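This report looks at one helix and at the salt bridges in the structure shown below.

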Amino acid sequence: MLASLFLIGASLTTPQMSVQAASQTIVEDSGDGMARAVNRMVGGIVSYARWPGVSADAARVMCVIGTPRLTNRMAPDVPGAGSVTVRRISVAAATSRSGCDILFLGRMAIADRRQLIAWVRGRPILTITDDDAACIYGAMFCLSNRAASLSFSVNLDAIGRGPLRIDPRVLSIGRSDGGAP
C-alpha cells in the first residue's frame, strides 16, 4: 500500500535555478509498486498545474520522450475529474507539433533534452523527468528513486519561465513537516 509522507524539504539555490525538494512516497514492495507510485505522483503534480485559459479538469496529453527509468507503464492517476492520455513520441515530433500539455522526459541524449527544454520555454507545457534527480537540465519537476521511496524536486526557475501556473501549495510541501498541503 502506498503511504504518502510529506517531509521537510531543502532549498538549493544556484545562479541558474532554484530547486526545492518536495514530496516523498513510500514504494510498495511488489512488481507494480514503482509504476503505481510514479503514476500517483505524476498525477498529483498534474493536479497542481493550471494551463492558461483552460478548465482545471480538462483532459491533458502527456508525451513520453526517451525511455523512462522508473516505469514503462505511464498512466498518471490524476485526483478529481482530470485525466491524462499518454503518447510516446520522438524529440522531433515533440518540437514539430503542438498537442502535448505535459512532456515526460526519460533517458535521452543530453543534447535532445536541452533542445526540448529550450523549445518548451514560454509555452504552456509541464515538464517532468525521471532521469535528472537534481533538476540541472531544466525540467520543472524531477522524480528520484532512493531506498524504496519516490520523491520529487521542484525547479522554481523553470516554472517561473513559462505561462503555466503551479499552485503554491505544491511548493510549500517541501517546507511542510507533515499533513496534506
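At 22% relative accessibility, D131 is partly exposed, because buried would require under 20%. The model is a predicted one.

D131 forms a salt bridge with R113, with 3.1 Å between the closest N and O atoms. D131 sits in the loop between β8 and β9 (141-146) and R113 in helix α3, so the pair ties together parts that are 18 residues apart in sequence. R113 is buried, at a relative accessible area of 3%.

## Helix α3

Helix α3 spans residues 110-120, and its buried residues are R113, L116, I117, W119 and V120. They lie on the same side of α3 because they cover an arc of only 160 degrees around the axis. The elements covering these buried residues include β5 (60-65), α2 (91-96), β7 (102-105) and β8 (126-129).

On the face turned away from the buried side, α3 carries the exposed residues A111 and R114. G122 follows α3 and has a positive phi, near 85 degrees.

## The D32 network

The whole structure contains 6 salt bridges. D32, R36 and R73 are linked in a network of them.

The side chains of D32 and R73 meet at 2.6 Å, N to O. D32 lies in the loop between β3 (18-26) and α1 (33-47), and R73 in the loop between β5 and β6 (84-88), so this pair ties together parts that are 41 residues apart in sequence. The salt bridge between R36 and D32 has an N to O distance of 3.9 Å.

R36 is partly exposed at 36% relative accessibility. D32 is partly exposed, with a relative accessible area of 36%, and R73 is partly exposed at 45%.

Technical notes:
Residues are numbered from 1 along each chain as its sequence is written. This is a predicted model: local features need pLDDT of at least 70, side-chain atom pairs count only at pLDDT 80 or more; totals for chains, interfaces and linings use all residues. Side-chain values use heavy atoms; hydrogens and water are left out. Buried means under 20% relative accessible area, exposed over 50%, partly exposed in between (1.4 Å probe, protein chains only). Helices (H or I, at least four residues) and strands (E, at least two) are DSSP runs, numbered from the N terminus. The arc is that of the directions from the helix axis to the C-beta atoms. Contact means heavy atoms within 4.5 Å. A salt bridge is a side-chain nitrogen of Lys or Arg within 4 Å of a carboxyl oxygen of Asp or Glu.
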